[in-house]
Amino acid sequence: MKIAVQENLVPGKDATERWARARDWGFDGLELRGAGGIKSRLPELRAARAAGMVASSICPDSGPFIGAFDAADRQTALTALRDLLDVAAEIGAAGVITPAAYGIHSNRLPPFTTPRPPEDDCAILTEALSALGAHAEKLGVELWLEPLNRYEDHMVNTLAQGAELCRASGNRAVKLMADLFHMNIEEADIAASLRAAGPLVAHLHFADSSRLEPGTGHTDFATALAALPGFTGWGAIEDRKSTRLNSSHATLS
């Protein structure tokens, strides 16, 4: 497995400088943050790639998302994700991450009642994943659906739920991104959930139960990773305040 670090956790004025620092720290690649208008960064990203940057993936930085309640917001999300997929293909990244949504509603917090029935959630997400998957497949990259914990999203919380949607999309370019922080909250057995999802798991995010870097909480990374023998994809460090990124490698090895 190759280990990347999200670019926002690495100092530097541009992707070239951040890549140089990440490489010095021992990382194999950078996971880019796909803030709005990522195509405007193409000159910077092309220069970084010419300087040797290895981009593992692109993670969206803000909404709206494909599961938004408003139809116009969903269309905005589709357009933004197509742009991210285009950029991923150009710079050699393997895929683009998307959650169903972030922070628009939680069934575990007041008012507890979702404004849209679950069957509509499913239909909306399936349609979006199918369309984006077709675009990704045409480009030779993948789209990775990320389940979030119950307080951040009400639609897709577990790998099993995500796997159902991946299959429903009918497209082999739509796979799962497994985030061990969210899994620590939602999965009764992280390793068993990873084994059950199997080849649909294409990418991993590493943050401990503390939401800090691996080694600062109680997540059993060794057992989790052993559940994916032969995994050849990327794992990326994504946490709130990395203070000792170099030691993260030891925790994950």
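Just after helix H7, Gly198 takes a positive phi of about 50 degrees. The model is predicted: local features need pLDDT of at least 70, side-chain atom pairs count only at pLDDT 80 or more, and totals for chains, interfaces and linings use all residues. Residues are numbered from 1 along each chain as its sequence is written, and side-chain values use heavy atoms, with hydrogens and water left out. Helices (H or I, at least four residues) and strands (E, at least two) are DSSP runs, numbered from the N terminus.

**Exercise 1.** Determine which residues of H7 are buried and where they lie on the helix.

*Solution.* Step 1: apply the cut-offs, namely buried for under 20% relative accessible area, exposed for over 50% and partly exposed in between (1.4 Å probe, protein chains only). Step 2: within H7, residues 190-197, the buried residues are Ile190, Ala191, Ser193, Leu194 and Ala197. Step 3: viewed down the axis of H7, these fall within an arc of 165 degrees, so they line one face of the helix; the arc is taken over the directions from the helix axis to the C-beta atoms. Step 4: Arg195 and Ala196 are exposed on the other side of H7.

**Exercise 2.** Identify what covers the buried residues of H7 and what caps its N-terminal end.

*Solution.* Step 2: the cover includes helices H5 (159-169), H6 (180-186) and H8 (221-226), together with strands S6 (174-179) and S7 (201-206). Step 3: the cap is Asp189, with a side-chain oxygen 3.2 Å from the backbone nitrogen of Ala191.

**Exercise 3.** Compare the span of H3 with its expected value, and describe both ends of the helix.

*Solution.* Step 1: the expected span is 1.5 Å times one less than the number of residues. Step 2: H3 (residues 71-91) has 21 residues, and its reach of 31 Å from first C-alpha to last is close to the expected 30 Å. Step 4: just after H3 comes Gly92, with a positive phi of about 85 degrees.

**Exercise 4.** Locate the buried residues of H1 and their packing partners.

*Solution.* Step 1: in H1 (residues 15-24), Ala15, Arg18, Trp19 and Ala22 are buried. Step 2: down the axis of H1 they fall within an arc of 100 degrees, so they line one face of the helix. Step 3: they pack against strand S1 (2-6), S2 and H2.

Terms used
Contact = heavy atoms within 4.5 Å. Polar contact = N/O pair within 3.5 Å; in protein donor to acceptor, adjacent residues only side chain to side chain.
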